[in-house]
Amino acid sequence: PEEWLNQYRTMLSLAKFEKTGMKVSKHHFSLIDELYQQIDDMSVRQELDEKREKLKNFNNITQITIPKGVQAELRPYQEAGVNWLNFLNEFKFGGCLADDMGLGKTLQALTFLQHYKSIETEKRPSLVVCPNTLVFNWENEIKKFCPDMKYTIHHGQQRRLGPENLMKADLVITTYGTLRSDIEWIKDIAFGYTVLDESQAIKNPEAKITKAVNLIQTKHKLIS
């Protein structure tokens, strides 16, 4: 009926269709909010209630304390970036950290992940996916700024297959190519955060790497 088409038109145009049904991005939650009375799943209702209350009472982004495990003096704009990442986490939104090159996106991400580790009760590893050329940049930044962070590099011919090694780390660093090759078992790991560095690698929705990335199980997503 025309009434139904008018009611659901916007949601249908923005939803992602899967075998189990439709999925709507969290930042379009207001579309679902309009259908509140028709939602049977109480966990979905609770999440909508929480988001509505938080947004209604939102005044400014909370200033967090830089974790003790971070051995760096952050510049004001870097602190602002970390606070913004924490804001996204509180509201359960994904985000894009789009600073210019050389302004410390890696440091901001690591600082926030160190903070996330200290506040998250459900201990899961986080995942960084990056081009081959940036693997050792991430490793060097961890050694320099977050030496207490347990990390593993999942890349190369000698890498261990299977989730056991990855589950022991705070942070797993891998490449887009390795992820594509190992996604069959990596998709079964529950990650806390997934960070896609140089995320233009997944700009083609039909590419195998894009499809692989979409199979990752993760609570939160960030791109840069």
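Glu120, Glu122, Arg124 and Lys219 are linked in a network of salt bridges. A salt bridge here is a side-chain nitrogen of Lys or Arg within 4 Å of a carboxyl oxygen of Asp or Glu. This is a predicted model, in which local features need pLDDT of at least 70 and side-chain atom pairs count only at pLDDT 80 or more, while totals for chains, interfaces and linings use all residues. Residues are numbered from 1 along each chain as its sequence is written, and side-chain values use heavy atoms, with hydrogens and water left out.

Within it, the side chains of glutamate 122 and arginine 124 meet at 3.3 Å, N to O. Glutamate 122 has a relative accessible area of 39% and is therefore partly exposed. Arginine 124 is partly exposed as well, at 25%. On terms: buried means under 20% relative accessible area, exposed means over 50%, and partly exposed is in between, with a 1.4 Å probe and protein chains only.

By this rule the salt bridges come to ten. I will show two others. Lysine 143 forms one with glutamate 139, and the closest N and O atoms are 3.7 Å apart. Why are lysine 143 and glutamate 139 separated by about one helical turn? Because they are four residues apart in helix α6. Helices are DSSP runs of H or I with at least four residues, strands are runs of E with at least two, and both are numbered from the N terminus. Glutamate 139 has 13% relative accessibility, so it counts as buried. Setting aside neighbours within four places in sequence, glutamate 139 is in contact with Tyr151, Ile153 and Ile173. Contact means heavy atoms within 4.5 Å.

The other pair is lysine 211 and glutamate 206, whose side chains meet in a salt bridge at 3.9 Å, N to O. Lysine 211 is partly exposed at 45% relative accessibility, and glutamate 206 is exposed at 57%. Threonine 210 sits in helix α9, residues 208–213. Is threonine 210 buried or exposed? Its relative accessibility is 6%, so threonine 210 counts as buried. Apart from neighbours within four places in sequence, threonine 210 is in contact with Ile202, Lys203, Asn204 and Pro205.

Next, the sheet. Six strands form an open sheet in the order β3-β8-β7-β4-β6-β5, with parallel pairing. β3 (95–96) and β5 each have a single partner strand and stand at the edges, so one side of each is left without a neighbour in the sheet. Two strands pair if DSSP finds at least two bridges between them. In general, strands of a sheet pair through backbone hydrogen bonds, either parallel or antiparallel.

Strand β6, residues 171–175, is mostly covered, with five of its five residues buried. Which residues point which way from β6? Leu171, Ile173 and Thr175 point one way, Val172 and Thr174 the other, and all are buried. Strand β4, residues 126–130, pairs with β6 in the parallel sense over five bridges, and serine 126 of the chain stands opposite leucine 171 in β6. Strand β5, residues 151–154, also pairs with β6 in the parallel sense, over four bridges. Here isoleucine 153 has isoleucine 173 in β6 as its bridge partner. Isoleucine 153 and isoleucine 173 are both among the contacts of glutamate 139.

β4 is also joined to strand β7, residues 190–196, by three bridges, and the two run parallel. Valine 129 stands opposite leucine 196 in β7. Helix α8, residues 176–186, lies across β4, β5, β6 and β7 and runs at about 120° to β6. For that angle, axes are lines fitted to C-alpha atoms, for helices over the stretch in contact, and angles run from 0 to 180 degrees between N-to-C directions.

Cysteine 146 is in the loop between α6 (135–145) and β5. At 0% relative accessibility, cysteine 146 counts as buried. Its C-alpha atom is separated by 7.8 Å from that of glutamine 114, 32 residues apart along the chain. Beyond neighbours within four places in sequence, cysteine 146 is in contact with Gly69, Val70, Leu110, Gln114 and Glu141.

Last, the surface. Leu12, Phe17 and Met22 form a nonpolar patch with about 290 Å² of accessible area together. Nonpolar side chains (Val, Leu, Ile, Met, Phe, Trp, Tyr) are joined within 5 Å and like charges within 9 Å, using residues with over 30% relative accessible area and no salt bridge. Accessible areas come from the Shrake-Rupley method with a 1.4 Å probe, and for residues only the protein chains shown count as cover. Methionine 22 is found in strand β2, residues 21–23, and is partly exposed at 39%.
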